[in-house]
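Work through the exercises below with the structure in view. Each task is followed by a solution in steps.

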Amino acid sequence: MRKLGVLVLFNLVLAHQAVAQSSQVQGPVSGSSLTLFGIADIALAYGSGSIAHTTQLTSSGNMQSRLGFRGLQDLGGGLGAGFWLETGLQVDNGGGTAGNINNQPSGATNPDFMSFSRRATVSLMDFWGEIRMGRDFTATFRNRDQTDPFGTSGVGASLPFSMSIVGVTSTRASNMVGYFLPEGLGGVFGEVQVFMGENVSYKPGFQPNAQPNPQDGNGYAARVGWSGGPFGIAVSSGKTKYAQTATTGDVEAYSVGAFYDFGVVRLTAGYFVDEKRQFTTVKSKSYIAGAVIPVGPHQFKISYSSSGTDEFTDPRAKKLAVGYVYNLSKRTAAYTTFAYLRNSGDSAVALNNSITEPGRSSRGFDLGLRHSF
Amino acid sequence: MRKLGVLVLFNLVLAHQAVAQSSQVQGPVSGSSLTLFGIADIALAYGSGSIAHTTQLTSSGNMQSRLGFRGLQDLGGGLGAGFWLETGLQVDNGGGTAGNINNQPSGATNPDFMSFSRRATVSLMDFWGEIRMGRDFTATFRNRDQTDPFGTSGVGASLPFSMSIVGVTSTRASNMVGYFLPEGLGGVFGEVQVFMGENVSYKPGFQPNAQPNPQDGNGYAARVGWSGGPFGIAVSSGKTKYAQTATTGDVEAYSVGAFYDFGVVRLTAGYFVDEKRQFTTVKSKSYIAGAVIPVGPHQFKISYSSSGTDEFTDPRAKKLAVGYVYNLSKRTAAYTTFAYLRNSGDSAVALNNSITEPGRSSRGFDLGLRHSF
Amino acid sequence: MRKLGVLVLFNLVLAHQAVAQSSQVQGPVSGSSLTLFGIADIALAYGSGSIAHTTQLTSSGNMQSRLGFRGLQDLGGGLGAGFWLETGLQVDNGGGTAGNINNQPSGATNPDFMSFSRRATVSLMDFWGEIRMGRDFTATFRNRDQTDPFGTSGVGASLPFSMSIVGVTSTRASNMVGYFLPEGLGGVFGEVQVFMGENVSYKPGFQPNAQPNPQDGNGYAARVGWSGGPFGIAVSSGKTKYAQTATTGDVEAYSVGAFYDFGVVRLTAGYFVDEKRQFTTVKSKSYIAGAVIPVGPHQFKISYSSSGTDEFTDPRAKKLAVGYVYNLSKRTAAYTTFAYLRNSGDSAVALNNSITEPGRSSRGFDLGLRHSF
């Protein structure tokens, strides 16, 4: 038996459709799979502000570039187990994307190397829904993402996303245990999550002076919604604890998001309140209204978003973004996005890594190619 | 011919069985393969000591989480070539696990990123056994691993493993050339390894003062054993060289491990001596006795281990660990482990990242889910 | 439907041939594919110089070790899209290889972790050729590589490669947009590339003192050639901009390379001029002549190369390298290489990490195993 043997036990399942977002909920499992998937998205990006302008080749103008491995195993009777490992990519230079291992500023990781910081989870799922453990999106991120025609990617990304004052858990959290409602509840969907900062808890008399607060990075998030026919709506809230100082403190996020799909146009809208309970609480209010118009292989996008806080100068930015996507196939698209941002108060947000003065405007432009596999 | 062509040259072979441990020896090769494999293991872990307690989501409570690529090529006549690339994973936050590139403290790498620090090897194998080159487990690790019902993972991991004073080569070494005996020698198995610290060797008169010792990180390890029917036994020894100072020096490890499988229960036992030849030599003696009881899909584990040195206060820790594993399938299991550790002398070992005072005890608990792919 | 479903959508295509070099140009696409590929190459490497010698286990003595994912999608009518993600490997210790994210010294990344720093690109291709965006080889590297019988790997690597004074863009550049001519132009081939350093450009009056030059790391490269029957020739040139100081400035590279394949022997030759326009311009001139003799599974290699600058002492190194490769299969080879290097002027180049005095010689030796998958 020195001949090549048939060692094929199982085939790799490749997702051909764009994996725009981690699936939100998985129900009973029938069938096992192992999938290699990813997105390679690259764009020429120009940004200008009153101080400096930039021309760069950037990653992720239309969707976040990534490489992942995921699998499902059918355990019988509907019960299933699964894993998901996903690294971000900077396709322009070969790097990865940053993560955070403990939901605190101290846990930030280097973006130039690969780590499964986009998602690393193990799940159990059945008719009762899904238990998911590891690092994943927080429930409070989903309204920011799903109300944004630009999916929080590229120069068009919404201000409720990019100007969130919630900090490192605004998008994802590590050390998380989450529960997702199953499908088939008459359109009701939802999730609840608890995550940990993992600091040690000292007994009385043993607490060192310089030790981080044992609660830092602990938190929870939840989201519940309903969708039926062309309409859907969801509310979410979350909290992450940090010791109170002049510049930090517990953060909370509340939001409501909705969509209405007329077929010729899909409208989205969202309203977001973030609070940061430092010595003087800061509160931000943000909103977005967006539209996506699909015409055969063409897709037109427009969004108007605004975000600002109640700080002394009433800093606020407003952004208009328009985009066009030409789908060369289900997996490959060319796209362009233009965005105009206007600051007021001492807000000095600038687009595509340009720099602008407080109260001045910024413009940005992406021209790119996105390929999913 | 603008249609989709059939480009399938070869299928990916996926190992469905749990890859609990890198295979120890591979004989003649018949058939080629390329395998993507891994383990995603996540656990809620609680630890308490007299000073501080912790609640964390941790990776690898039952088996070490990993992602790997390996392959074999049949070169004809039994001769085969293979490669193995395996990164550790922290599934709770998406990171990797630390490695060491030169077998010295200076070679430690960052755990938060992916590298193939669990194993990176190229092999040639035939009837005469296997030559394996790269980074891999040291021969002295195998008795620590194979006598431990908890496989050196999670809160139940044995003290001969976790309290080894051998240092960075206790578990793995980089820059290693190893030889494994083939199977079919009447139950005899064995391996011998040489590894290099890769410091430069200066000629007389050129040695700079601050330069590391040219021998630092050089070493060897060997293991030989016999197994037949329900019984097996193995002895191992190894040495790694370091310049002698008050806190470091050559390290040596000696051990004997054995198992007896009664069917209803599999018993293991091991005895370990480590030496560190700093100005005042330190010697540690460790032992373990363990049992694994399989009952259908259920698995019960218990181990008692002890490790201590001959330093002034006779520091020693003793640990009792009990575990239960429920196999949902061959690839997926839920598990729980409880461990109690008692220190004596000025030993202050604590479980699951808790902190305890010298001579005080510590408790730890894991509740987790392990999924292999 | 609780049974295992057929989820196989697409098979993974595995390239069985050695992937010695990234393909230079891709034409019209017919058929889609997704490929996992790599090389694991490991060698025992000895180097000696007048000051110090080394014995190490190194990676990449015959070809650069790597792991990659690449894919092509047929978009119809010959149009295709593709991606390519490739990390370097240090198989001796499990690490990756360094990259550079912005084509400047500040952009260097850590070699001990994985990143797709060998290549990260997205492409569109059709009858008109290929547009390729991301991180890839520069056009000026290809003559260095293709005239070298040792493919710029291991102790035999040519001096025009290893002694280039061009800096970080000598081999690869990030943030690059390139265009490749299609095949079928009567033997004419070529490419042109523009790459960006991505520094911000300040408006007048806003430029901070310590800011890097906005042009640093911007550049371009081009190569054009012809091959027909046994003969081929190509010329290339490139430039990368850096602010002028006593030790740095714009770098330029010019070269011509050619081969003639007699069947029993393949001859290569190349001539290279690098310029570095610091306050006092430095110019290096390098050349190589090489031969590869294939005899069944055996391959004999020899090269003579030389590189030196016009600096005060006329520093120059000359190297003779001889190699033997035994192909165990198309994918696996054992090899050995011996090289002798002679310095003149104050050149102090040494082989395989040894150290030698200015004007003294160095010797090096590799004995290794290369496995492609």
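**Exercise 1.** State how strand 10 of chain B and strand 3 of chain C pair, and find the bridge partner of B:Ser201.

Solution. The model is a predicted one.
Step 1. Strand 10 of chain B pairs with strand 3 of chain C, residues 52-59, in the antiparallel sense.
Step 2. The pairing is made over two bridges.
Step 3. Look in strand 3 of chain C for the partner of B:Ser201: the residue is C:His53.

**Exercise 2.** Describe the contact between chain B and chain C by its residues, its buried area and its polar links.

Solution. 
Step 1. Chain B brings 47 residues to the contact and chain C brings 49 residues.
Step 2. About 4,200 Å² is buried between chain B and chain C, and carbon and sulfur atoms account for 71% of this area.
Step 3. Between chain B and chain C, zero salt bridges are counted.
Step 4. Polar contact between chain B and chain C is found for 10 residue pairs, counting those with both residues at pLDDT 80 or more.

**Exercise 3.** Which strands of chain B each supply at least two residues of the side that touches chain C, and how do the residues of that side divide by class?

Solution. 
Step 1. The strands of chain B that each give at least two residues to this side are strand 4 (66-76), strand 5 (79-88), strand 6 (119-126), strand 7 (129-137), strand 8 (172-180) and strand 10 (201-202).
Step 2. Sorted by class, the residues of chain B on the side that touches chain C are 28 nonpolar, 14 polar and five charged.

**Exercise 4.** Which residue of strand 10 of chain C is the bridge partner of A:His53?

Solution. 
Step 1. Strand 2 of chain A, residues 52-59, runs antiparallel to strand 10 of chain C, and two bridges join them.
Step 2. Within strand 10 of chain C, A:His53 has C:Ser201 as its bridge partner.

Technical notes:
Residues numbered from 1 in each chain as written. Chains lettered and ligands numbered in written order. Predicted model: local features only at pLDDT ≥ 70, side-chain atom pairs only at ≥ 80, totals over all residues. Heavy atoms only, no water. Contact = heavy atoms within 4.5 Å. Buried area = accessible area lost by both parts, 1.4 Å probe. Salt bridge = Lys/Arg side-chain N within 4 Å of Asp/Glu carboxyl O. Polar contact = N/O pair within 3.5 Å; in protein donor to acceptor, adjacent residues only side chain to side chain. Helix = DSSP H or I, 4+ residues; strand = E, 2+ residues; numbered from the N terminus. Nonpolar A, V, L, I, M, F, W, Y, C, P; charged D, E, K, R; others polar. Pairing = 2+ DSSP bridges.
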